[in-house]
Amino acid sequence: MTGIGARLRTLAKETVGPGGESLWVISLDGLQKVAEEMKLSRREAEIVALQERVLPMRYLRNFGTIGWDGQLALLQSTVGIVGAGGLGGWIIEGLARMGVGRLIIIDGDVFEENNLNRQALCVEHGLGQPKVLLAQQRVAEVNAAVEVVAHQLRVDEAQMVQLLQGAQVVVDALDALPTRLALQRAARKLSVPMVHGAIAGYVGQVMTIFPDDPGLLELYGGSRVPERGIEVQWGNPAATPMMIAAWEIQEVVKLLTGRGKPLRRRLLFMDSELGHVDVLEV
Amino acid sequence: MNAMRVRVKLYATLGKHVAGMAPGIPFEVELPDGATVADLVKRLNLPQEEVKVAFVNGRARPMDWRLQADDEVGIFPPVGGG
């Protein structure tokens with residue numbers, strides 16, 4: 001054991017892991033002390049602790065599914081999220097809670113009253129404020145280890161390529177089809193997978209698109225793509241963004257930890273009104 | 001010209017365009033041999049702007065894809081909200 005490992009264990013406590021084995025866990029206070037003593041950021045302190053096999057207690061309920069290596073991979077990863085509205089708000093919250101180390105968040109909008117029914121980051125006192133600003137504040141409250149790079153900007157394809165540099169995965173939390181096609185092209189240029197999600201009324205869809213996959217460009221690119229879909233008629237009730245955001249978060253976690261089978265070349269289409277789920281090949 | 005039958009399922013908003021059909025329940029349509037997905041869309045009087053994607057036997061296919069007897073065709077509107 002290194003000196004750091006010994007110091008960590010004086011601040012940690014020994015408990016019993018999910019498999020009945022001995023497991024050292026460290027509290028937020030303990031991590032804060034380690035960070036101050038070693039002049040590390042909270043994220044760096046958590047990474048050191050995991051490398052020394054001391055688990056930040058905040059990730060204890062992640063541990064049974066992603067383990068040491070999965071948690072380390074998440075903390076050492078960067079994810080780009082384009083859109084901080086209905087889907088983006090929940091996705092940002094979920095990725096911060098899982099412990100993804102860096103989030104690049106892009107959105108040009110400010111919060112409006114008609115966002116209050118469904119957007120996790122939209123609160124009454126935040127109306128008129130930039131979505132990315134409230135995203136940054138929420139992440140700091142939920143998990144101070146997560147570093148946020150926020151851009152309050154409506155982006156085109158070239159700007160996406162530029163601003164999403166360094167991300168291992170990009171997430172589609174957009175609200176217009178042409179911008180989604182631009183994001184797929186940007187992800188191709190960056191050679192990273194893109195997690196697609198879209199919602200309307202009680203239905204939604206999810207797909208993970210690798211750089212070589214046909215993806216949305218095949219689905220919608222053949223004809224003139226409309227700006228909006230059927231959400232114009234059906235609106236966006238509260239539960240649907242949660243349902244689709246949850247799947248998008250899970251796709252990101254699978255991609256970053258290498259565990260599980262992404263929805264690659266498979267479009268998951270969920271109709272929560274009829275209780276129908278289809279998995280379609282793309 | 002000979003006819004063939006295909007099974008069709010309309011998703012989301014598209015279900016309301018075919019009278020007497022319960023939403024999400026597949027139904028049979030008779031088409032001439034060699035008919036394409038676009039021909040089927042036309043036969044059902046679905047609005048062009050609401051039809052963007054068709055899956056034939058669970059696989060994404062373009063509008064000019066030729067259908068075969070007993071194919072199962074799912075037709076989807078564009079979903080674009082976030």
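Chain B and chain A share 14 residue pairs in polar contact, both residues at pLDDT 80 or more. A polar contact is a pair of N or O atoms within 3.5 Å; within protein, one must be able to donate a hydrogen and the other to accept it, and sequence neighbours count only through side-chain atoms on both sides. This is a predicted model: local features need pLDDT of at least 70, side-chain atom pairs need 80 or more, and totals for chains, interfaces and linings use all residues. Residues are numbered from 1 along each chain as its sequence is written, and side-chain values use heavy atoms, without hydrogens and water.

**Chain B against chain A**
- Strand E3 (53-56) and strand E4 (59-61) of chain B each supply at least two residues of the side that touches chain A. Strands are DSSP runs of at least two residues, numbered from the N terminus.
- That side of chain B divides into ten nonpolar, six polar and five charged residues, with Gly counted as polar.
- Contact (heavy atoms within 4.5 Å) links 21 residues of chain B with 33 residues of chain A.

**Buried area**
- About 2200 Å² is buried between the chains, and carbon and sulfur atoms give 62% of it. This is accessible area (1.4 Å probe) lost on being put together, summed over both parts.
- Lys52(B), Val79(B) and Gly82(B) supply 29% of what chain B buries against chain A, more than any other three residues.

**Salt bridges**
- Two salt bridges join chain B and chain A. Each needs a Lys or Arg side-chain nitrogen within 4 Å of an Asp or Glu carboxyl oxygen.
- Glu281(A) pairs with Arg59(B) in a salt bridge at 3.4 Å, N to O.

Notes. Chains lettered and ligands numbered in written order. Buried area = accessible area lost by both parts, 1.4 Å probe. Helix = DSSP H or I, 4+ residues; strand = E, 2+ residues; numbered from the N terminus.
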